[in-house]
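Dear colleague,

I am handing over the structure below and would be glad if you could look through it alongside my notes.

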Amino acid sequence: MGSPVEDEIDARLAARLAELRVERGWSLGEVAERSGVSRSTLSRAERAEISPTAALLNRLCHVYGRTMSRLLSEVEAEAEPTPLVRAGEQAVWEDRASGFVRRSVSPPHPGLRGELVEGRLAAGADLAYDRPPVPGLEQHLWVLSGGLAVTARDTEHRLDAGDCLRLRVWGPTRFRCLGDAEARYVLAVVLP
């Protein structure tokens, strides 16, 4: 069980996932077919009985045509977008199962195409996505500390602190923390 803040974020995320499905008039079965996620898992995620993993959220973002940052910002959204978000107010989401922590650094705004995200992978963490949330998504990954292996289009790139990788994401990707320390990086994401 997470902290009260984590539980509240999971509850709002669950409600937003259910809203997105209902807005489209889709049944759980239709979302299951489109995402490849079982109906029971989707149902449990929409009722906040489970905290979705990064891989599961990525599949749902693909189905709903959103980046993960946009989905999470909708959960954290204020009435009017603000141009400034203080460090202590930045939305943090954790996939406890995989050892992945994601901080939305950019102020949320539905009309902008670019955003900054801070990622942290625990030592030994291995995070795989079977598809991008938005095909053709442009990413610039800058490693701040630790080592990271990023695989895209069947090519593995090994990155150390200070290295930067630019890519467009069309298919599966994999992020692995190398070494015995966490990897910390900045990811600039630009919608196509």
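What follows is a description of the sheet, the core and the cavities.

This is a predicted model, in which local features need pLDDT of at least 70 and side-chain atom pairs count only at pLDDT 80 or more, while totals for chains, interfaces and linings use all residues. Residues are numbered from 1 along each chain as its sequence is written, and side-chain values use heavy atoms, with hydrogens and water left out.

An open sheet of six strands runs in the order β1-β2-β3-β10-β5-β8 with antiparallel pairing (strands are DSSP E runs of at least two residues and helices H or I runs of at least four, numbered from the N terminus; two strands pair if DSSP finds at least two bridges between them). Its edges are β1 (92-95) and β8 (164-169), each of which pairs on one side only. Strands β2 (residues 100-104) and β3 (residues 114-121) are joined in the antiparallel sense over five bridges, and R102 has G119 in β3 as its bridge partner.

The structure holds three cavities of 30 Å³ or more (a cavity is a set of points on a 1 Å grid over the protein atoms alone where a 1.4 Å probe fits but cannot get out, and lining residues have an atom within 4 Å of a point; grid points are joined across faces, edges and corners, and a volume is the space filled by probe spheres set on the points). The largest cavity has a volume of about 300 Å³, and of the 22 residues that line it, M68, R102, Y129, Q139 and L187 are the closest to its centre.

In contacts (heavy atoms within 4.5 Å), L141 touches, among others, L148, F175 and L187, leaving aside residues up to four places away in sequence.

Best regards

Note on methods. On a 1 Å grid over the protein atoms alone, a cavity is a set of points where a 1.4 Å probe fits but cannot get out, and a pocket is an open set with protein on both sides within 12 Å along at least five of seven lines; lining residues have an atom within 4 Å of a point.
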